[in-house]
Structures are given as C-alpha cells and as structure tokens.
Amino acid sequence: MFRNEELLLSLLNSAPVIEGTPTDSLEGATGRDVARSWGGTGSANELSRLRRVRQALQAIIRREDRGAIGELAGTLDEVVQMPHVTPNGVAWELQVPDDDRLAAGVVLAWSSVITEFPGRLRACANDKCTQFLVDHSRPGTARWCSMAVCGNRMKARAHARRSKADGGWPGAMS
Ligand SMILES: [Zn+2]
C-alpha cells in the first residue's frame with residue numbers, strides 16, 4: 001500500500017464498530033500511542049484535530065455536507081510548503097505547527113489519493129460498518145472494506161433475502 005493511502009485509511013478506519021459497539025482508537029492513552037505510531041506528537045490538541053478531520057473526511061466521502069470543507073481548509077490554514085531542489089527532483093517540506101502536522105498530512109494524503117484514484121475511495125457497502133476502502137480492482141467494483149468480514153456477511157444477507165423471495169424460510173438473517 002502507498003504511504004498516503006495507508007495514512008488516510010488508518011485515520012478513516014480508526015473508529016470501527018466492533019461487535020455492534022462503536023469504538024474510537026483516537027481516545028485517551030490509546031489515541032496518544034496511535035498518533036505517535038503515525039509520527040504525531042500524541043498531544044490532546046493533535047488528537048482532537050485528527051478526530052475533527054476524520055469526521056470531515058468521512059462526511060465528504062459519504063457526500064454529506066456538515067461544514068466539512070471548511071474544517072479541512074482550517075486544518076491547512078497555517079501550512080506552508082517549501083520547495084527544496086535536489087538531484088532527485090523537487091522535495092516539498094511541510095512547515096506547520098507540530099500539533100497540526102499529522103492532521104495536515106492526512107488532508108494532503110486524501111487529496112493525493114482521490115486525485116490518483118478518482119472515484120475509488122468509498123465507504124464500505126455494509127451499512128452497519130463504518131470502514132472505508134480504496135478500490136484497486138481493475139473493474140472498480142469493490143464494495144467492502146474486507147471480503148472476509150463484510151463481503152461474506154453481505155453475501156449471506158443477500159442470499160437470505162433471495163431465499164425469502166423464493167418462498168423459503170429466511171433463516172438467520174443478521
Ligand atoms: Zn465493512
């Protein structure tokens with residue numbers, strides 16, 4: 001997986017529903033460790049910034065507008081990119097307050113992923129799931145965050161619906 005995509009999906013998918021219960025790995029001491037593992041400071045300011053950016057990006061991907069663009073713009077307010085010419089091309093150095101660096105990096109990662117793979121960043125088709133995916137399949141038909149988890153569950157549900165329509169007993173629909 002590409003670096004940008006990994007960072008973006010890590011943030012988008014950091015609040016999974018586990019066995020029906022919403023969780024948030026960006027809360028408290030766990031959040032501090034997670035943010036540090038992504039190269040952040042782990043401060044409370046950084047975590048609240050990351051949670052707001054996560055919510056804004058999720059709203060944009062789901063095409064819900066809740067001031068999401070303004071939130072992302074605010075994240076980049078104090079960001080400056082400085083070019084450095086090297087023998088390997090131009091390298092861009094991000095100048096940004098420490099607590100905003102990670103959130104700004106995620107916004108830039110989101111932009112590069114949707115530019116490189118237009119239409120391929122989407123929410124999992126399981127409406128009980130809160131995860132996101134970047135579809136790298138050739139036909140562009142991937143719908144689930146994970147075939148092992150949501151893919152099989154949704155197929156079982158569709159199968160149960162078909163059986164019911166055929167007059168069969170619906171069985172154990174989840
Ligand atoms: Zn899913």
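This is a predicted model: local features need pLDDT of at least 70, side-chain atom pairs count only at pLDDT 80 or more; totals for chains, interfaces and linings use all residues.

I started with the order of elements: along the sequence the protein chain runs α-β-β-α-α-α-β-β-α-β-β-α. That is six helices and six strands.

**Entry: α3 against α5**

Which residues in α3 meet α5? I listed Asn45, Glu46, Arg49, Leu50, Val53, Leu57 and Ile60 on the α3 side. Facing them from α5 are Asp98, Asp99, Asp100, Leu102, Ala103, Val106, Val107 and Trp110. Sorted by class, the contact of α3 with α5 has nine nonpolar, five charged and one polar residue.

**Entry: largest pocket**

Then I went to the pockets. The largest pocket holds about 240 Å³ of space. I get 14 residues in its lining, with Val17, Lys128, Cys129, Val149 and Arg153 nearest the centre. Which elements each supply at least two residues of this lining? They are β1 (17-18) and α6 (147-165). The largest share comes from α6, with three residues. By class I have seven nonpolar, four polar and three charged residues in the lining of the largest pocket.

**Entry: second largest pocket**

The second largest pocket has about 210 Å³ of space. I wrote down its lining: Ile60, Ile61, Arg62, Arg63, Trp110, Ile114, Gly119, Arg120, Leu121 and Arg122. By class, that lining has five nonpolar, four charged and one polar residue. I find α3, α5 and β5 (121-123) each supplying at least two of the lining residues.

This ties back to my helix entry. Ile60 in α3 and Trp110 in α5 are among the residues at the contact of the two helices, and Ile60 and Trp110 also line the second largest pocket.

How values were computed: Residues are numbered from 1 along each chain as its sequence is written. Side-chain values use heavy atoms; hydrogens and water are left out. Contact means heavy atoms within 4.5 Å. Helices (H or I, at least four residues) and strands (E, at least two) are DSSP runs, numbered from the N terminus. Ala, Val, Leu, Ile, Met, Phe, Trp, Tyr, Cys and Pro count as nonpolar, Asp, Glu, Lys and Arg as charged, and the others, Gly among them, as polar. On a 1 Å grid over the protein atoms alone, a cavity is a set of points where a 1.4 Å probe fits but cannot get out, and a pocket is an open set with protein on both sides within 12 Å along at least five of seven lines; lining residues have an atom within 4 Å of a point. Grid points are joined across faces, edges and corners, and a volume is the space filled by probe spheres set on the points.
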